[in-house]
Amino acid sequence: MNGQKLMATNTSKDLLKSVFIPSLSIVLFRVLLFTLPFMAVCYGYASGSADSELAFTSLFVKVLPSWMLVFVVVVFMIPFLSFVQNTQNWGGSLLIENFYKHTINPNLSDAKAKKFGIIAMIYIIIVSGGIAIYADSLVGITKYLFAITAGVGPVFMLRWYWWRINAWSQLSAMLAALIYPPVLDWFYDNNKVFHQFLVSLEQNFNMDYYPIKIIILTIAVCITWLVVTYCTAPTEAKVLQTFATTIKPGGFWKPFNNSGKTFSKLRLLAWILQTGNGFLLYFIFWNFLIGRYALFTGLLVLFILSFFISYKLIQKANARYDLELSK
């Protein structure tokens, strides 16, 4: 999302509101959420928990004073509500707009679509709540989610950048991600040749089955949706033109008139710097927690510098684009 915002942003004000202020907010949230329990462990204020899944949350209860627990609940509730809202909106729109309206009832009115959308969102909440209540392992749910989304992310992201990706690309990626994990597990458990092959990979790369499974699934799903993309017709030119003109995306939209900001090396470099800062943040935290303050300071300066440089790069790209338009 940040990549597309960096590609398509129009003004410095839009850039601040859509990319940099949210990024700084996430930094502050991570400081609040991660620093306190890590410091509690590093400096001996908390001992390990018998249940590894409860170790993180139990630290807040054991270490912090009771008056701060309300604040902790608020800190956890903010990302939870944001994630739930985004997921139910996305799921509801897929069920109603992309499936029901497109396949079953093309004449569905906007009022009824809104009503059915709310019903679909409530259904999603009930089903997901039931799964959460009866699940016996948070790690198990997380691993399952990673498995059924391996290889799906690229097609969702690249559709904003590459005109050739169509609805069949996304549908094939989603179906493949659902079908391939149990198939792979079955072959691992029942096929001696395949099992031995994966065991040799585990030994050679010093990895467990699960990370190798994710790598294989990602490659297989990506190959599937790429093949489907080239075997199916692209989206109608009129629809793509409307999208390119309305959304003004950055990316590879050469066949269509895109009135948005152009895809340039400056924007790509800014994107790389922002992505690098996302990883750098964890090294900054860790070196602070273990007392390497010199390295912490150096990495923090690098983080701020990269932040400033990426902002200036986008400003420069916008200035060049506006100059070309004026000519």
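I began with burial: of the 327 residues of the protein, 30% count as buried. Buried means under 20% relative accessible area, exposed means over 50%, and partly exposed lies in between, with a 1.4 Å probe and protein chains only. I noted that this is a predicted model, in which local features need pLDDT of at least 70, side-chain atom pairs count only at pLDDT 80 or more, and totals for chains, interfaces and linings use all residues. I also noted that residues are numbered from 1 along each chain as its sequence is written, and that side-chain values use heavy atoms, with hydrogens and water left out.

**Entry: overall build**

I looked up the secondary structure and found 13 helices and zero strands. Helices (H or I, at least four residues) and strands (E, at least two) are DSSP runs, numbered from the N terminus. I then looked up the surface. The protein exposes about 21,200 Å², and carbon and sulfur atoms supply 71% of it. These areas come from the Shrake-Rupley method with a 1.4 Å probe; for residues, only the protein chains shown count as cover. Next came contacts, meaning heavy atoms within 4.5 Å. Among contacts with a separation of 6 or more, 65% join residues 24 or more positions apart.

Which elements give two or more residues to the largest nonpolar core? I first looked up the core itself, which has 12 residues, including Ala147, Leu184, Tyr188, Tyr209, Tyr210 and Ile212. The contributing elements are helix 8 (167-190), helix 9 (192-205) and helix 10 (209-231). Helix 10 gives the largest share, five residues. A nonpolar core is a set of buried Ala, Val, Leu, Ile, Met, Phe, Trp, Tyr and Cys residues joined through side-chain atoms within 4.5 Å. In soluble globular proteins, nonpolar side chains tend to be buried together.

I picked out isoleucine 212. Leaving aside residues up to four places away in sequence, isoleucine 212 touches Leu198, Leu201, Glu202 and Met207.

**Entry: aromatic rings**

I found six aromatic pairs in the structure. Rings of Phe, Tyr and Trp (its six-membered ring) pair if their centres lie within 6.5 Å; planes under 30 degrees apart count as stacked, over 60 as edge-to-face and the rest as tilted. Tryptophan 186 and phenylalanine 187 have ring centres 5.2 Å apart and planes at 85°, so this pair is edge-to-face. Phenylalanine 187 is partly exposed, at 35% relative accessible area. Tyrosine 188 and tyrosine 209 have ring centres 3.9 Å apart and planes at 20°, so they are stacked. That pair links distant parts of the chain, with tyrosine 188 in helix 8 and tyrosine 209 in helix 10, 21 residues apart. Tyrosine 188 is buried at 15%, and tyrosine 209 is buried at 16%. I also found that ring pairs link Trp186, Phe187 and Phe194 into a cluster.

**Entry: a loop residue and the cysteines**

Where is asparagine 206 found? I located asparagine 206 in the loop between helix 9 and helix 10. Asparagine 206 has a positive phi of about 55°, although it is not a glycine. Asparagine 206 is exposed, with a relative accessible area of 72%.

Last, I checked for disulfides, pairs of cysteine sulfur atoms within 2.5 Å. The count came to zero. Cysteine 222 is buried at 17% relative accessible area, whereas cysteine 231 is exposed at 63%.
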